[in-house]
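Keep the viewer open as you read.

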Amino acid sequence: MLIVNITIAQAALNVQKVVDNVYALEGETTQRSPTNFGNNSTHGVIITKEGVILIDSGASLLGAEEIHKAIQTLTDQPVKIVINSGGQDHRWLGNDYFQQLGARIISSAKTHQDQKARTDYHLNRLGGLIHESLDGTIPFYSTETFDEKMKLTLGNVDLELYHFGAAHTVGDIIVWMPSTQTMFTGDIVFNDRMLGIGPARNSQSWVDVFDKMASFKPKHIVPGHGRVSDLPTATKNTQQYLNFLNIEIAKILEQDGDMLQASQIDQSKFHFLSGHESIAGRNAQWVFEQMEFDY
């Protein structure tokens, strides 16, 4: 797999070639920062005969510019379509930059609602994390939406977009490219980095959505975070972790345990995922909260 390091200002994206004319732009797996412009995330690029399809526009104006500069190292074609795979900041806060270039902005209807509902939250949080790198960022919501399924064609490329339910956020979708058996999952898949249960906080729905994604038997997975992988790797990094938490929390609830016990679950088997120190205990608490309510 081709990996090219592109240094733009102080931030860096790894450009990973998936197949001909399909790429992943891999950001850092650490926290959002002034030097990564909030792009601690992975983005998809499909080059067609009529222009570029971008999956996820970045977390800020500077983040969108960084993504565009990376695309320009691959093609002179304009970005014609931006797909927001979910409602998290790095999936859509770069929309304004690309819509000013003439791009269509597409998301699920649930993500469109999520964008509107959490705009102030995202801007306030990003302001505390990336500081002046947020300057010039103007929230721009998706302008084309769908409920459960949408077919999309640009040039010689056909895509299928599906919303199966809540995962990391309430509107997360998959983008399926049948011709190359490539799946763009957004935050339905976390590779290399430990996932965070919130903001949807529905771990069982996330497992169900993952199962539906996996039923396509993709050869290539472009995740929301981390490196491009195959399905077994994505399963290990995401689904197995979610199942582990659900099983362990169920055991605690069956014994009338409490949230403190949940936060003390031994999660060391998943310490190969970066960020586990800060998120593992909180994940267990969030799953406990959800399952206790449903129990």
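Throughout, a contact (or a touch) means heavy atoms within 4.5 Å. What you're looking at is a predicted model, in which local features need pLDDT of at least 70 and side-chain atom pairs count only at pLDDT 80 or more, while totals for chains, interfaces and linings use all residues. Residues are numbered from 1 along each chain as its sequence is written, and side-chain values use heavy atoms, with hydrogens and water left out.

First, confidence. pLDDT is the predictor's confidence in each residue, from 0 to 100. The protein chain has a mean pLDDT of 94, with 96% of its residues at 70 or more. Residues 1-9 are where pLDDT stays under 50, and for them the model has 25 contacts beyond four places in sequence.

Now go to Q115, which sits in helix α4. Helices here (H or I, at least four residues) and strands (E, at least two) are DSSP runs, numbered from the N terminus. Is Q115 buried or exposed? Buried means under 20% relative accessible area, exposed means over 50%, and partly exposed is in between, using a 1.4 Å probe and protein chains only. With a relative accessible area of 0%, Q115 is buried. Leaving aside residues up to four places away in sequence, Q115 touches N84, W92, N95, Y141 and S142. Helix α4 spans residues 109-117, and its buried residues are A109, T111, H112, D114 and Q115. They pack against α2 (89-92), α3 (95-99), β7 (104-108), α5 (119-130) and β8 (144-146).

H68 belongs to helix α1 (residues 61-72). H68 is buried too, at a relative accessible area of 12%. Its contacts, not counting residues up to four places away in sequence, are V79, Y97, F98 and L101.

Next, the helix pairs. Two packed helices are described by the angle between their axes and the distance between the axes. The axes are lines fitted to C-alpha atoms, for helices over the stretch in contact, and angles run from 0 to 180 degrees between N-to-C directions.

Start with α6 (residues 203-214) and α7, whose axes come within 9 Å and cross at roughly 155°. On the α6 side the contact is made by S203, Q204, W206, V207, F210, D211, M213 and A214, and on the α7 side by L231, A234, T235, T238, Q239, L242, N243 and N246. By class, that contact of α6 with α7 has eight nonpolar, seven polar and one charged residues. Ala, Val, Leu, Ile, Met, Phe, Trp, Tyr, Cys and Pro count as nonpolar, Asp, Glu, Lys and Arg as charged, and the others, Gly among them, as polar. Also in α6 is K212, which is partly exposed, with a relative accessible area of 39%.

How does α7 pack with α9? Helix α7 (residues 231-254) meets helix α9 (residues 276-294) at an angle of about 60°, with the axes 9 Å apart. That makes α7 oblique to α9. From α7, Y241, L245, N246, I249, A250, I252 and L253 meet A280, N283, A284, V287, F288, M291 and E292 of α9. Here the contact has 11 nonpolar, two polar and one charged residues.

Definitions and conventions. Angles under 35 degrees count as roughly parallel, over 145 as roughly antiparallel, 65 to 115 as roughly perpendicular and the rest as oblique.
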